[in-house]
Amino acid sequence: MPDRKDKAAEMLRLKRAGRWYEQGVHFRCQAPECSQCCSGQRGEGYVWLSAEEMQNIASFLDMEFEKFTRRYIRQIDYAYSLIEKPNKDCVFLENGGCSIYDVRPTQCRTYPFWPDIMRAPEVWHREAEQCPGIGVEDAPVSAEEIDEQLEIDRAGRRRAGIE
Ligand code: SF4
Ligand code: SF4
């Protein structure tokens with residue numbers, strides 16, 4: 001059994017190697033009881049999406065693409081995000097749940113396994129203050145699963161033009 005000093009040294013080594021989560025982490029989304037990451041509780045945010053994702057949502061809502069973008073999309077520099085309600089909730093957060101769940105954008109699917117969050121254990125632990133799904137004891141997520149989510153997220157960001 002490694003003592004605390006050994007564990008700290010190992011954590012530091014993995015952090016330096018860029019894969020501090022080698023032993024996996026714990027996470028299970030607490031929706032529908034929780035919807036914090038979709039709500040305005042954390043202030044303004046962006047839900048970036050690609051043209052294909054916009055088309056998917058428009059089709060799901062049975063709307064013309066142009067009408068959908070006029071109503072739900074804002075341009076930020078050269079990329080596009082969903083708009084927010086006046087209280088900063090995502091425009092598609094309804095009754096505590098996602099009203100377009102089946103066609104939600106990539107970043108909604110990959111959270112909290114975003115490169116910015118997974119870059120260091122301190123950031124991951126800080127994120128836990130905002131996401132009650134982080135750290136759920138009986139919900140291990142392996143390093144391989146994390147890497148897969150990170151790759152899906154990066155590909156989504158590239159398609160959305162923000163990376
Ligand atoms: S904040 Fe975390 S637990 Fe809550 S809905 Fe988002 S991912 Fe799920
Ligand atoms: S699209 Fe759905 S999952 Fe994504 S932020 Fe909005 S309500 Fe949440």
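**Close-up views of a predicted model**

View 1. A residue counts as near if its C-beta atom, placed from the backbone, lies within 6 Å of the molecule. Ala, Val, Leu, Ile, Met, Phe, Trp, Tyr, Cys and Pro count as nonpolar; Asp, Glu, Lys and Arg as charged; the others, Gly among them, as polar. The model is predicted: local features need pLDDT of at least 70, side-chain atom pairs count only at pLDDT 80 or more, and totals for chains, interfaces and linings use all residues. Residues are numbered from 1 along each chain as its sequence is written, while chains are lettered from A and ligands numbered from 1 in the order in which they are written.

**View 2. Residues around ligand 2.** Here the shell is Cys38, Val47, Cys90, Phe92, Leu93, Cys98, Ile100, Arg104 and Cys108. Eight are nonpolar, none is polar and one is charged.

**View 3. Contacts of Val47.** Neighbours within four places in sequence are left aside. Val47 then contacts Ser81, Leu82, Cys90, Pro105, Gln107 and Cys108. Two residues are in contact if their C-beta atoms, placed from the backbone, lie within 7 Å.

**View 4. Elements of the protein chain.** Seven helices and six strands make up the set. From the N terminus, their order is α-β-α-α-β-β-β-β-α-α-α-β-α. Helices (H or I, at least four residues) and strands (E, at least two) are DSSP runs, numbered from the N terminus. The C-alpha atoms fill a box of roughly 60 × 30 × 25 Å, taken along the principal axes.
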